[in-house]
Each structure stands twice: as structure tokens, then as C-alpha cells.
Amino acid sequence: MAKTGQNIEAVVFFHPGEFLGEKMDEMGISEKDFSKLSGISEEKVHLINKCKADVDFDTATALEKATLIPTHFWLKLQDDYNIYRIRLLAESLTNSIKRPAENDVKRQKIRKTVNKMVKLTEKM
């Protein structure tokens, strides 16, 4: 049981495209028809549905128009997914720093990458 005042964080994060695919199935609509309904290009709908493209503000607004699911919901899914992936990568890089590196140059490159990722998460 969580103590009072503690934040509870979801353990599973997923790309908005996974949710979009389920929503399109629920609506009984193809990517082509969803493209027409939302005003998003068919190619972009396909890429999002396959989790190969991110959802930005304009796309989230168009998704809201087609699904009646608020823009902020789509953006939150994308942000949570991005942060999750960055944390996984940062953890992986941190673990590689803990192991003896072949040389100091390798360590410096890893640290720079981790620092860039931390800065990216701070901007989100």
C-alpha cells in the first residue's frame, strides 16, 4: 500500500499508435477512411498506427476531431511514451558506464549522451 502523499506512477507505457489501432478497430474504420475523417494523411495514419511516427499537437487535434478523445490525452500518451523510452536508454547507458569501459573517450561519449537525454526530458 502506498503511503499518503506518494505519487503512483503507471508501470506500462505504450505508443499512441497502439491505442489508435484499437480505437479504429472499435470504430470499424480503415486507415484510409480514418484519414478522410481526421484530415491526417493516409501515410501518417499508417505510420502512427504502426508506432513509427509520433503524435504532435496538430495530429493530436486531428485525432480529437475524429475520435472525440481530447487532444491532451493523445499528447500525454506520446509524452509518457517518450519519457519511458528515454529512461530505458539512459538506464542502459548508465549501466554501461558502471562496467569498465575500454577507454576514457568511450565514457565521455556515453556521459554526453546521457546528459543530452536528461536535458530533453527536462524540456518535456
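H15 is buried in this predicted model, with a relative accessible area of 2%; buried stands for under 20% relative accessible area, exposed for over 50% and partly exposed for in between, with a 1.4 Å probe and protein chains only. Local features need pLDDT of at least 70 and side-chain atom pairs count only at pLDDT 80 or more, whereas totals for chains, interfaces and linings use all residues of the predicted model. Residues are numbered from 1 along each chain as its sequence is written, and side-chain values use heavy atoms, with hydrogens and water left out.

A polar atom of the H15 side chain lies 2.8 Å from the backbone nitrogen of G17. Setting aside residues up to four places away in sequence, H15 touches I48, C51, A53, D54, Q78 and Y81, contact being heavy atoms within 4.5 Å.

C51 sits in the loop between α3 (42–49) and α4 (57–67), and its phi is near 65 degrees, a positive value in a residue other than glycine. Most residues other than glycine have a negative phi. C51 is partly exposed, at a relative accessible area of 29%.

A positive phi, about 65 degrees, is likewise found at L68, which is not a glycine. L68 is placed in the loop between α4 and α5 (71–98). With a relative accessible area of 76%, L68 is exposed.

Key. Helix = DSSP H or I, 4+ residues; strand = E, 2+ residues; numbered from the N terminus. Polar contact = N/O pair within 3.5 Å; in protein donor to acceptor, adjacent residues only side chain to side chain.
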